[in-house]
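Hi everyone, thanks for coming.

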Amino acid sequence: MKNIFTKIAVIAATSTALSVAIATGANNPAQAIDLNFNWLGNAGYSAVGSFSYDAATAPTIISESGSGATKFLQSLNVSFLDPSNNSLGTYNTVSGGVSQSDFFTFNFDTSTQKLFGPFDVGGGTGVIGEYFFQGTVGDSLVLRQDVNQQGTSTLVDQNSGSIHLAQVPEPASILGVLAFGMLGVGSTLKKKQASC
C-alpha cells in the first residue's frame with residue numbers, strides 16, 4: 001500500500017512540473033530552435049556540435065561570417081573526436097550571439113533545415129594546435145589542425161561534404177512524452193488497486 005502512495009506522489013509531482021513547464025513556455029515569446037549536427041570523416045575522426053537561433057526573428061537563409069556579433073545565430077559549439085572517441089578539443093565558435101573566430105562561416109536554410117555552402121567552425125583564433133572544420137557542405141568537408149602562427153595547417157580527415165542535422169526536441173515535447181508515460185503508470189496503479 002505504501003508503494004502505491006509513493007507512486008501517486010510521483011505522478012502528482014510530475015503533473016505539477018509539467019503544468020509549470022507548459023505555463024512557462026506559453027509566456028516565453030522567443031522560439032529558440034536548437035539543432036545538433038554530426039560529421040564523420042573517412043578515417044574515423046568526427047565532429048559533433050549544436051547551434052541555435054530564434055525562429056521568430058530568423059530569415060529563411062541565415063548566413064554568418066567572421067568574428068563579432070552575429071545577425072541571427074545565438075550559439076554554435078563543436079567538439080572533435082579521434083577514431084577512438086577521445087576528445088581533440090571543444091570550441092564555442094558562437095556564444096551569446098558573438099563569434100570568436102575570424103574565419104567563421106555558416107549558411108543554413110531555416111525552411112529546409114539544411115546546412116549548405118561554405119562552412120568553417122571550431123578554432124580560428126590563431127592558437128597553435130587548435131582544430132577547425134571547414135569546406136563546402138555537399139562537396140568536401142575537412143578537419144584540420146593549425147601547426148604554426150603563419151596559418152599553416154595539416155589535414156586530419158575529410159569526407160565528401162556529408163553532414164547530418166537533427167532538431168533537438170522542445171522541452172514541452174519531452175514533458176508531453178513524460179506525461180503520456182505517467183498516464184500509463186497511473187492506469188497500471190488503478191489495475192493493481194482493483195486487483196487488491
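Predicted model: local features only at pLDDT ≥ 70, side-chain atom pairs only at ≥ 80, totals over all residues.

Let's begin with strand β1, where Ile33, Leu35, Phe37 and Trp39 make up a covered face, while Ala32, Asp34, Asn36, Asn38 and Leu40 make up an uncovered one.

Now zoom out from β1. Which strands make up the open sheet, and in what order? There are seven, and the order is β4-β7-β6-β5-β2-β1-β14, with antiparallel pairing. At the edges stand β4 (68-69) and β14 (164-167). Each of these two has a single partner strand, so one side of each is left without a neighbour in the sheet.

Let's walk through some of the pairings. Strand β1, residues 32-40, runs antiparallel to β2, and nine bridges join the two. To find this pairing on your screen, look for Ile33, which stands opposite Tyr53 in β2. Another place to look is Trp39, whose bridge partner in β2 is Ala47. The hairpin of β1 and β2 has five residues between the strands, and Gly44 takes a positive phi near 100° there.

On to the other partner of β1. β1 and β14 are antiparallel too, paired over four bridges, and here Phe37 stands opposite Leu165.

Leu81 has Ser87 in β6 as its bridge partner.

Asn85 sits in the loop between β5 and β6. Is Asn85 buried or exposed? Anything over 50% relative accessibility counts as exposed, so Asn85, at 57%, is exposed.

Gln113 is another one to look at. Its phi is positive, about 60°, although Gln113 is not a glycine. You will find Gln113 in the loop between β8 and β9 (114-115). With a relative accessible area of 24%, Gln113 is partly exposed.

**Rings that meet**

Take Tyr53 and Phe108: their ring centres are 5.7 Å apart, with 55° between the planes, and the pair is tilted. This pair links distant parts of the chain, since Tyr53 is in strand β2 (residues 46-54) and Phe108 is in strand β8 (residues 105-109), 55 residues apart. Both Tyr53 and Phe108 are buried.

Here is another pair, Phe80 and Tyr91. Why is this pair called tilted? Planes under 30 degrees apart would count as stacked and over 60 as edge-to-face. The planes of Phe80 and Tyr91 are at 50°, with the ring centres 5.9 Å apart, so the pair is tilted. Phe80 belongs to strand β5 (residues 73-81) and Tyr91 to strand β6 (residues 87-95), 11 residues apart. Phe80 and Tyr91 are both buried as well.

**A pocket and a contact**

Two last stops. Rolling a probe the size of a water molecule over the atoms shows where empty space is left. The second largest pocket holds about 180 Å³ of space. Its lining includes Phe103, Asp120, Phe132, Asp146 and Ser153. What kinds of residues line the second largest pocket? Two are nonpolar, seven polar and two charged.

Finally, find Asn159 in strand β13 (residues 153-159). Asn159 has a relative accessible area of 10% and is buried. A polar atom of the Asn159 side chain lies 2.7 Å from the backbone nitrogen of Gly161.

That's my tour, and I'm happy to take questions!

Methods. Residues numbered from 1 in each chain as written. Heavy atoms only, no water. Phe/Tyr/Trp six-rings, centres within 6.5 Å; stacked < 30°, edge-to-face > 60°. Buried < 20%, exposed > 50% of the residue type's maximum accessible area, 1.4 Å probe, protein only. Pairing = 2+ DSSP bridges. 1 Å grid on protein atoms, 1.4 Å probe; cavity = no way out; pocket = protein on both sides within 12 Å on 5 of 7 lines; lining within 4 Å. Points joined across faces, edges and corners; volume = space filled by probe spheres on them. Nonpolar A, V, L, I, M, F, W, Y, C, P; charged D, E, K, R; others polar. Polar contact = N/O pair within 3.5 Å; in protein donor to acceptor, adjacent residues only side chain to side chain.
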